[in-house]
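The report takes them in turn and ends with the ligand.

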Amino acid sequence: MPTLIRAEGLTKYYRRPRRYEGAFGGLRTLITRQYDEVRAVDGVDFTVSDGELVGYLGPNGAGKSTTIKMMTGVLVPTSGLIEVDGTAPWRDREKNAMHIGVVFGQRSQLWWDLPLVDSFTLLGKMYRMSEADYRRRLDGFIDLLDLGPFLDRPVRQLSLGQRMRGDLAAAMLHEPSILYLDEPTIGLDAVARDRMRDFIAEMNRESGTTIVLTTHDLVDVEALCNRVVFIDKGRVLYDGSVVDLKATYAPHRTLVVQLASGFTAARAAELLGPEVPGAVIADEEPTLRIRFEANRISAQEIISAVTSRCPVTDLSIVEPELEDVMRTLYGNRTIAV
Ligand SMILES: Nc1ncnc2c1ncn2[C@@H]1O[C@H](COP(=O)(O)OP(=O)(O)OP(=O)(O)O)[C@@H](O)[C@H]1O
C-alpha cells in the first residue's frame, strides 16, 4: 500500500514564559521575558500507509495532540518533515482539509446553537459537495449512526453520545481519505463506546479510510488497531503490531487450572514445583494459577506436566492485558487509562 503520511525527524518545540515564584515574581516574569523550551515532539519518524488504522498512543503530555495538529496543518513544525498525501499540511491547509476528517472527543466542530442537520448543510457547502453526493452521504450516516431522532435538535441539547455521533458524521461527510480521531470514546457509556468502535472499524474496512487514532482507552486499541505507535516525551518508543508489542514487553501468560475437589493447590504446587521451570505458582483453592514466560516454556509443556500429575477439571490460558504492557513501557509511572 502506498504511504499516505510521512513524518521524518518531526519536531515541535513550544516556548513557555518562565514564571518566577515569590514576592514580585509576577513582575519579574513580565520584565525578564525569559522562556523555557518545551520539547513536545522531538524527532519523530513514522509512516502510515493507505488504508491503515494506527493507534498513536502515549501518556499525558507525550506529544500526541501536537503531532495530530501538525498532521492536520494547524501547527507548523519547528523542524523535520511532515507530509500528508505528498503535501506539507501547514503549507496548504485548504487542500489538506479537503481530504481529511478530524474528531476531537473533547471539542466539537458542530455549530452549538444550530440544529444538527444545519451543521451538515453548512459543511456540505464548505466542502463544495454536489446536492446528490451530500444527500447520499448524509442518508448513509443517518442510517448507520441512527441520527434521525435528533437531527432537528440544537447541538447544545444533545447528549455526549449523540453529539459524538454527529461529530463523526460531520468529519466523514465529504468522504475524506484520512480520519484523525483524538480520544473519540472519552466520556461515553459502554453502549455508545461499542457503537463508536463499530463505526470506526466499518469506515476503515468498508470505505478504506485511513485512520489515526489517539486514545487512552486500551479496549479501543485492542478492538481496533493492528498497529500502534507509542510515544513518550516526544519520542517514539515502539512502532509495530499489538501482538509483537505484547510478546516483547509482556511475554508472560497465566495458566488457570481448576483442580478436582479435594485436591489442594498446595499439593499440586508441591508436585509441580521443580517440573515447571521459571513458573510462579500461586494458589487460591481450588484454583491453581501458573504464571510462565511464554518464551521460556511452552503452554503445552506446562499443561502436560499439570495434567499428568494432578486431577484437573478445567484449564484456560490468560493473555496479558495491554495495561501491563503500558506499565512496562512507561516504567511504573502513572498512566491514564
Ligand atoms: N500551546 C502550548 N504551549 C506550550 N506548551 C504546550 C502547548 N501545547 C502543549 N504543550 C506541552 O507540550 C507537551 C505535549 O503536549 P500534547 O498536548 O501534545 O500531549 P498529549 O500527548 O496530547 O497529552 P494528553 O494525553 O494529555 O492529551 C506537554 O508538555 C504540554 O504541556
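The largest cavity holds about 40 Å³ of space, in a model that is predicted rather than determined by experiment. On a 1 Å grid over the protein atoms alone, a cavity is a set of points where a 1.4 Å probe fits but cannot get out, whereas a pocket is an open set with protein on both sides within 12 Å along at least five of seven lines, and lining residues have an atom within 4 Å of a point. Grid points are joined across faces, edges and corners, and the volume is the space filled by probe spheres set on them. Counted in this way, there is one cavity of 30 Å³ or more.

The lining of the largest cavity is made up of Phe46, Val48, Val54, Tyr56, Met71, Val212 and Val229. These divide into seven nonpolar, no polar and no charged residues, where Ala, Val, Leu, Ile, Met, Phe, Trp, Tyr, Cys and Pro count as nonpolar, Asp, Glu, Lys and Arg as charged, and the others, Gly among them, as polar. β2 and β3 (53–57) each supply at least two residues of this lining; helices (H or I, at least four residues) and strands (E, at least two) are DSSP runs, numbered from the N terminus.

## The largest pocket

About 540 Å³ of space lies in the largest pocket. It is lined by 22 residues, of which Ala97, Ile100, Val102, Gln109 and Tyr127 are the closest to its centre. While α3 (93–98), β5 (100–104), α4 (116–126) and α6 (160–172) each give at least two residues to the lining, β5 gives the most, with five. By class, the lining of the largest pocket has 12 nonpolar, five polar and five charged residues.

Which residues are the closest to the ligand? Of the 13 that surround it, they are Gly61, Gly63, Lys64, Ser65 and Thr66, where a residue is counted if one of its heavy atoms lies within 4 Å of the ligand. β1 (3–17), β2 (35–49) and α2 (64–72) each supply at least two residues of this shell, and the largest share, three residues, comes from α2.

An N or O atom in the side chain of Thr66 lies 2.5 Å from an oxygen atom of the ligand, while a backbone N or O atom of Gly61 is 2.8 Å from a ligand oxygen, and a polar backbone atom of Ala62 is 3.0 Å from one. The protein covers 64% of the 640 Å² of accessible area that the ligand has on its own, as computed by the Shrake-Rupley method with a 1.4 Å probe.

## Notes on the model

Residues are numbered from 1 along each chain as its sequence is written, and side-chain values use heavy atoms, with hydrogens and water left out. In this predicted model, local features need pLDDT of at least 70 and side-chain atom pairs count only at pLDDT 80 or more, whereas totals for chains, interfaces and linings use all residues.

Key. Polar contact = N/O pair within 3.5 Å; in protein donor to acceptor, adjacent residues only side chain to side chain.
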